[in-house]
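Here are my notes on the model you sent over.

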Amino acid sequence: MRTTRTYISIGYATFGMLVGFSAFLVWNTAYKQPWTAAMGGLSGVMALWALVTHIMYLQDFWRTWLKGLKFFIFVGGTFSLLALAAFITFLTIAIKEKQTPTDPQSLYLSCVWSFLTLKWSFLLALYSHRYRQEFADISILSDF
């Protein structure tokens, strides 16, 4: 990957991390809604993992630790499935209880943060896969 694209991804992941952690704090303290806070915090953690992936790429750390990228792909895939299940669950409960989307206590906001968690975990798996493909070609050549 080009370096400028990586720096843009680092800025995007940093922003996602800050927004996720701030959502965790706000929904825990101000609104007392633990499900939205949990999904916001998990979104921030997934953005943090994506940020770590990019920083480790810039430091050329992945060249010697391809198994770590495989682990990051696994974590991204696992949390993608978890976030999808949470999204469907929160949406079903919110519709069943006839909650309004504008209420800060409603589970519709948990759906939004579940989707953002799905996005960050998918991006973690995608970036890890791309970096693994890039370094797998190099490691095959260095074996000779």
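1. Helices here are DSSP runs of H or I with at least four residues, strands are runs of E with at least two, and both are numbered from the N terminus. K98 sits in the loop between α3 and α4. Bear in mind that this is a predicted model, where local features need pLDDT of at least 70, side-chain atom pairs count only at pLDDT 80 or more, and totals for chains, interfaces and linings use all residues. Residues are numbered from 1 along each chain as its sequence is written, and side-chain values use heavy atoms, with hydrogens and water left out.

2. Have a look at the backbone of K98: its phi is positive, about 55°, although K98 is not a glycine. Most residues other than glycine have a negative phi. K98 counts as exposed because its relative accessibility is 72% (exposed is over 50% relative accessible area, buried under 20%, partly exposed in between, using a 1.4 Å probe and protein chains only).

3. K32 is another one to check, in the loop between α1 and α2. Its phi is near 50°, again positive in a residue other than glycine. At 59% relative accessibility, K32 is exposed too.

4. How do α1 and α2 pack? Their axes are 7 Å apart, at an angle of about 155° (axes are lines fitted to C-alpha atoms, for helices over the stretch in contact, with angles from 0 to 180 degrees between N-to-C directions). That makes α1 roughly antiparallel to α2, a label for angles over 145 degrees; under 35 is roughly parallel, 65 to 115 roughly perpendicular and the rest oblique.

5. Now for the inside. The largest nonpolar core has 20 residues, and W62, W120 and Y131 touch the most other members. Each of α1 (3–29), α2 (34–58), α3 (66–96) and α4 (108–142) supplies at least two residues of this core. A second, separate core has 10 residues, among them A37, A86, C111 and W113. A nonpolar core means buried Ala, Val, Leu, Ile, Met, Phe, Trp, Tyr and Cys residues joined through side-chain atoms within 4.5 Å.

6. Which residues does W120 touch, leaving aside neighbours within four places in sequence? They are Y12, A13, G16, S43, M46, A47 and A50, where contact means heavy atoms within 4.5 Å.

7. Finally, A13 is in helix α1, and it counts as buried because its relative accessibility is 0%. Not counting residues up to four places away in sequence, A13 touches A47, A50, L51 and W120.
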